Amino acid sequence: MIKFENVTKIFPDETVVLQDVSFEIKEGEFVSIVGKSGAGKTILVRLILGLETPTSGQVFFQGKNIAEIDSFEMQKIRRRVGGIYQDYKLLPNKTVYENVAYIMEVEGKEKEEIECEVPKVLEIIGLKDKVDNFPKELSGGEQQRLAIARALINHPDIIVADEPTGNLDPYNTYEVISLLEKVNKAGKTVVLSTHDREIINKLGKRVITIENGKIMRDEKEGRFII
Amino acid sequence: MFTSFKRIFNFALQDFSRNKGISIAAIFVLVVTIMIVTGLFFFHGLSQFLISEIQDRIDITAYFKDDVEEQNILTVRDEILKMSPNIKSVEYVSKDQAMQVFNEKHKDNAVLARALEEVGTNPFLPSLNITTNGDPVQYAEVSNVLQTANFSKFIEKVDFSQKKATIEKVFSITSNINSFGIALSIILVILAMLVVFNTIKLAVDSSKEEISTMRIVGASDWFVRGPFIIQGAIYGFIACIISLLISGIFAYFLSPKIGVILPGFSAFGYFLSNIWILILIQLIFGIGVGVISSFIVVKKYLDV
């Protein structure tokens, strides 16, 4: 589903953030990308979403080279990816309901379908009573749950979560990870970027360890070793 | 397609009502700039009125000898009309009419009336009052007709030569007013557009992160850009209505005051008779600048 081929990313100030990185993520896999802060995890996620272009090498999404597709095609791919970010990336001027509905509206879904699906997802995620609140009126945990609801609403092919538990307390962290496991069990691919040792060790899934922009380990049932 | 447009329109209305501060600031700046354009429109009307008033007041008077027959004077008039068909008017004033006009004008002046009585006869000469459109070429044509051998023998004097310098000066002033008006309009309109552009830029800048998020979740160019452009159009439309009301009220209340300085010019009359063209200018300027500014500013942030 996702393939990195000898990807190197160098910033204009000559900082090397990724160096000759190659790996493949198959459909239905749950892959954790671990590493210290600044190891290059976020850049890796941004490369998958087409938010960055590699300095050299190629990134493929469902067989398509991301660097070679046009803006229209890229937006279509992004609709197939459910992104969850550490800074939530919610729409501040839209309510909880509108933030989730926006994703379906982007996809061109009918009003009736939106009115049926959004409340369901918000109930599962525990935000049923906050539909009319704006993101700034929610706690950190609630905002992250809203981001998850938004990532799940369109039944994407893959969930890409970049440090989704970075700002959460242990209880909310557990909830978010359980939810991602559930999604994976339902057959979706999950890419989780984190530096939380406990989460990784509990999951017992594939772990790619990055250090100084290079892949140090890629283990099928990995543990957090840095 | 229709669903998408409806959604984009709803987003625009939603953002407009939720960002009241920014919306009010943008409308205020647009009102100020539309008022500048409206002011230029009134300035144009006023200067055109002034120019035509000045030109109307400059005429050539050819005084004929006392014994010249009326028929000959009318032949000169016809010749002038033949040479310059675009001339505004050529009016024949007979001796008696000239006397009547004088008496009417000075009916309260006993000294002048007595002086006229003492003269005994009508001392006024028949004349042709020639009004051109203010173009020196026309003056030259009229002058040529009057100077031909056939006619010059009838003529006592022409006050054209005394007026020539003034006429040329007026013509140069009016053409200067027109060029100055055009240059001033261009500068002010460019300044106004830059101010509006920067205000809309500030409004869109505050949504920079939001635009980036919309792109990340897969929104198409138009799904992101549309609401901002429609918001720009809404700003422009509201600003137009406010500007139209303000200019109408100003024209209504200032009309009598302007009328005192410039008799014959009604600011409110000018406003009413040009209301459709004014609405069109305000709409094109307000909505046009609002939409184009939004389009350009958002384009910058779409590259995500």
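This is a predicted model: local features need pLDDT of at least 70, side-chain atom pairs count only at pLDDT 80 or more; totals for chains, interfaces and linings use all residues.
Visitor: What makes S9 and S10 of chain A paired strands?
Guide: Two strands pair if DSSP finds at least two bridges between them. Strand S9 (residues 206–211) of chain A is joined to S10(A) by 5 bridges, so the pair passes that cut-off. The two run antiparallel, and Thr209(A) has Arg217(A) as its bridge partner in S10(A).

Visitor: Why are S6 and S10 of chain A said to stand at the edges?
Guide: The open sheet has 6 strands in the order S6-S7-S8-S3-S9-S10 (chain A), with mixed pairing. Strand S6 (81–85) and strand S10 (214–219) each have a single partner strand, so one side of each has no neighbour in the sheet. On average, neighbouring strands here are turned by 15° against each other, direction ignored.

Visitor: Which strands does helix H1 of chain A touch where it packs on the sheet?
Guide: Helix H1 (residues 41–48) touches S3 (30–34), S7 (158–162), S8 (189–194) and S9 of chain A. The direction of H1 makes about 150° with that of S8(A).

Visitor: How many residues does each chain bring to the contact?
Guide: Chain A gives 14 residues and chain B gives 15 residues. Helix H2 (71–79) and helix H3 (96–106) of chain A each supply at least two residues of chain A's side. That side divides into 6 nonpolar, 4 polar and 4 charged residues.

Visitor: Where do the domains of chain B fall?
Guide: The domain assignment gives domain 1 as 2–54 + 171–302 and domain 2 as 69–153. Their C-alpha centres lie 52 Å apart.

How values were computed: Residues are numbered from 1 along each chain as its sequence is written. Chains are lettered from A and ligands numbered from 1 in the order in which they are written. Domain bounds come from an automatic or database domain assignment. Helices (H or I, at least four residues) and strands (E, at least two) are DSSP runs, numbered from the N terminus. Axes are lines fitted to C-alpha atoms, for helices over the stretch in contact, and angles run from 0 to 180 degrees between N-to-C directions. Two residues are in contact if their C-beta atoms, placed from the backbone, lie within 7 Å. Ala, Val, Leu, Ile, Met, Phe, Trp, Tyr, Cys and Pro count as nonpolar, Asp, Glu, Lys and Arg as charged, and the others, Gly among them, as polar.
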